[in-house]
Amino acid sequence: MLGERRADWRALDLRALRGVASVDGVQVGEGYGRDLMGDPLDALAWLADCLSRRGIAMRAGQRAILGSLITSKFP
């Protein structure tokens, strides 16, 4: 799921942000930003480094999907 752009993201504690998945109103999973390699920005740095080693540059305006706070749920 993608959310709205936030100008104040630097003020957020990304490690403490909580995500919840629900199916038919029943919670089936939850997780926190820290579940993404300890910090979502660490996951982004890892991705940028991995791409750079392959000669691919990340560019302003691109979106990066870093992983999930919640384990996969099968329908």
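**Close-up views of a predicted protein chain**

**View 1. The whole chain at a glance.** The protein chain has one helix and two strands, where helices (H or I, at least four residues) and strands (E, at least two) are DSSP runs numbered from the N terminus. Starting at the N terminus, the order of elements is β-β-α. The radius of gyration is 14 Å, well over the 11 Å that the globule rule gives for 75 residues, so the chain is more spread out than a compact globule. That radius is taken over C-alpha atoms, and the globule rule is 2.2 Å times the number of residues to the power 0.38. The C-alpha trace spans about 45 × 30 × 20 Å along its principal axes. Please keep in mind that this is a predicted model, in which local features need pLDDT of at least 70 and side-chain atom pairs count only at pLDDT 80 or more, while totals for chains, interfaces and linings use all residues. Residues are numbered from 1 along each chain as its sequence is written, and side-chain values use heavy atoms, with hydrogens and water left out.

**View 2. A salt bridge between the two strands, R18 to E30.** The side chains of R18 and E30 come together at 2.7 Å, N to O; a salt bridge here is a side-chain nitrogen of Lys or Arg within 4 Å of a carboxyl oxygen of Asp or Glu. The pair links distant parts of the chain, with R18 in strand β1 (residues 18-23) and E30 in strand β2 (residues 26-32), twelve residues apart. R18 counts as partly exposed because its relative accessibility is 47%; buried means under 20% relative accessible area, exposed over 50%, and partly exposed in between (1.4 Å probe, protein chains only). E30, at 39%, is also partly exposed.

View 3. D49 is partly exposed at 42%, whereas R53 counts as exposed at 58%.

**View 4. L51 and its contacts.** L51 belongs to helix α1 (residues 40-53). Leaving aside neighbours within four places in sequence, L51 touches I56 and M58, with contact meaning heavy atoms within 4.5 Å. Its relative accessibility of 22% makes L51 partly exposed.

**View 5. R34 over the ring of Y32.** The charged end of R34 sits 4.2 Å from the ring centre of Y32. The rule asks for NZ of Lys or CZ of Arg within 6 Å of the ring centre and within 35 degrees of the ring normal.
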